[in-house]
Amino acid sequence: MASDLAKAAKDRGIKYFLISYTDLFGSQRAKLVPAAAIAGMQRSGAGFAGFATWLDMSPSDSDLFAKPDPESLIQLPWKPEVGWLAADLWMDGKEVDHAPRNLLKRLIGKAGDRGWEMKSGVECEFFLTTADGQAISDASDTQEKPCYDQQALMRRYDVITEICDAMLALGWGPYQNDHEDANGQFEMNWNFGPALRTADQHTFFKFMTKSIAEKHGLRATFMPKPFMNLTGSGCHAHVSLWKDDKALFEDDGGELGVSALGYSFIGGLIHNADAICAMTNPTVNSYKRINAPRTTSGATWAPNSVTYTGNNRTHMIRIPDPGRFEFRLPDGAANPYLLQAALLAAGLDGIDNKRDPGERLDINMYVDGHTVKDCKKLPLNLFDALKAFEASTVLKEQLGEEFVTAFSKLKTVEWNAYARHLTQWERDNTLDC
Ligand code: ADP
Ligand code: MG
Ligand code: MG
Ligand code: MG
Ligand code: MG
């Protein structure tokens, strides 16, 4: 903890601070502030022009101030003279409603008012590519079933262990690293924790992984589906709810060891899955991971329908252990703060309205999914996801009108830009019309 950042700079040898915030599209924006100026910045925040980033602002708006949260301070493991700080956004003396970290803190507060704390862990899959991002970085990584490939993992030992060593030193409790199901794809797991801490760690993990990969002449990407024939990069989230030290989703007497409260939370995700999809799967490319045809490894490992199950990885929600569940929908493009906020919004709605998740399905969805009657499908593209997001009264209530309007406005601009883009596929298939 470093409540006085100027003192922290002296004590720890920090020369510069990165005052950083994450905008609506998940881009991390920062100012690099010398330690000599940090006291003032801690009081008033670092100034930005909000319109210059993905926030719903105009060039004529007053300055945006990013006030660093001293509890988030991390010295960059690969450059310890720099201290990274997650910041909350203020404008005209008020917190910006639609800023992702502010929004998540509001939802955490809502749950906190009822004595609840959501804890979560994220599995941030990523590819290591050549510096230009065009191909996976390891030309020898060609197996049809590359998951857990020992040889390919060890060829990236220097990169993976530099990141893992950093997480060990930061006290995150990393416990395993592996080669994932796509050629060139990896995953590194660390311990779950309170939603805000996980969101800050998730944000920092992306920054750190990209930075360390660059140091090694490579590029790390969390893009959901960078290669059409390979398994995409998900960002599964595991979720539990706590009151003090009591795990509220745990119940020995419940189905699979999950309590009625847990099933209501799951019911909230089932009920609101199509509406939150724009937050958990926020890019045009996201929809090439879900609903995808089988990959060369034999399975996409991504959901295509709104269903839940026990320890079975073909559904949107999996209950691997008593007392928690895994939400397999989110992907690598999910904004770390909006991902947690979406979980809380849907989960709180589920609890408040005792949403019934329906029957658990114990089938292989990839083979037998078509046999499920009236099975709710996930949105097929970003446009459909945005329509469901905008139409959701639950999200307006849980997240606030300002956020819903801002997010759908900017994302619709992105969709329109994509729709105006002329692709080679169209020429190939339409020239002869
Ligand atoms: P898998 O690949 O089987 O889905 P991983 O081991 O890769 O699982 O990731 C599991 C994630 O779930 C980790 O971040 C872990 O800390 C987290 N986790 C474990 N137990 C809980 C829990 N009770 N509540 C929230 N997250 C949890
Ligand atoms: Mg200037
Ligand atoms: Mg995993
Ligand atoms: Mg994985
Ligand atoms: Mg998983």
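This is a predicted model: local features need pLDDT of at least 70, side-chain atom pairs count only at pLDDT 80 or more; totals for chains, interfaces and linings use all residues.

Q: How exposed is D97?
A: Side chains of opposite charge can pair when their charged atoms come close. A salt bridge here is a side-chain nitrogen of Lys or Arg within 4 Å of a carboxyl oxygen of Asp or Glu. Exposure has its own cut-offs: buried is under 20% relative accessible area, exposed is over 50%, and partly exposed is in between (1.4 Å probe, protein chains only). D97 has a relative accessible area of 34%, so D97 is partly exposed. Its side chain meets that of R106 in a salt bridge, 3.5 Å from N to O. R106 is also partly exposed, because its relative accessible area is 36%. Elsewhere, salt bridges with shared partners join D69, D88, R101, K105 and D200 into one network.

Q: How many salt bridges does the rule give?
A: The count is 20. Take D11 and K7: their closest N and O atoms are 2.8 Å apart. Helices (H or I, at least four residues) and strands (E, at least two) are DSSP runs, numbered from the N terminus. D11 and K7 both lie in helix 1 (residues 5-12), four residues apart, about one turn of the helix. D11 counts as exposed because its relative accessibility is 55%. K7, at 49%, therefore counts as partly exposed.

Q: Is D23 buried or exposed?
A: D23 is at 0% relative accessibility, so D23 counts as buried. Its salt-bridge partner is R29, at 3.0 Å from N to O. R29 has a relative accessible area of 23%, which means partly exposed.

Q: Where are the domains?
A: Domain bounds come from an automatic or database domain assignment. Here the chain is divided into domain 1 (12-96) and domain 2 (107-425). Their C-alpha centres lie 26 Å apart. Contact means heavy atoms within 4.5 Å. The contact between the domains takes 19 residues from domain 1 and 24 residues from domain 2.

Q: How much area do domain 1 and domain 2 bury between them?
A: The size of an interface is often given as the accessible area lost when the parts come together. Buried area is that loss for two parts (1.4 Å probe), summed over both. Domain 1 and domain 2 bury about 1,800 Å², 75% of it on carbon and sulfur atoms. In domain 1, L24, F25 and W78 lose the most area to domain 2, together 38% of what that side buries.

Q: How many salt bridges are there between domain 1 and domain 2?
A: The count is one. D56 forms a salt bridge with K409, with the closest N and O atoms 2.6 Å apart. The elements that give two or more residues to the side of domain 1 touching domain 2 are strand 1 (16-22), strand 5 (74-76) and strand 6 (79-91). Strand 5 gives the most, with three residues.

Q: How many residues are in the largest nonpolar core?
A: A nonpolar core is a set of buried Ala, Val, Leu, Ile, Met, Phe, Trp, Tyr and Cys residues joined through side-chain atoms within 4.5 Å. The largest has 117 residues, and F205, F325 and F403 have the most contacts inside it. Domain 1 and domain 2 both give residues to this core, so it lies between them. Beyond its neighbours within four places in sequence, F205 is in contact with residues including F126, W172, W190 and F222. A second, separate core of five residues includes F127, A182, F227 and L230.

Q: Where is Q340, and what does it touch?
A: Q340 is found in helix 8 (residues 336-352). Q340 counts as buried because its relative accessibility is 0%. Leaving out residues up to four places away in sequence, Q340 touches L104, M118, S120, V122, A195, T198 and A199.

Q: Which loop holds Y148?
A: Y148 is in the loop between strand 9 (126-130) and helix 4 (150-155). Y148 has a positive phi of about 60°, although it is not a glycine. Its relative accessible area is 61%, so Y148 is exposed.

Conventions: Residues are numbered from 1 along each chain as its sequence is written. Chains are lettered from A and ligands numbered from 1 in the order in which they are written. Side-chain values use heavy atoms; hydrogens and water are left out.
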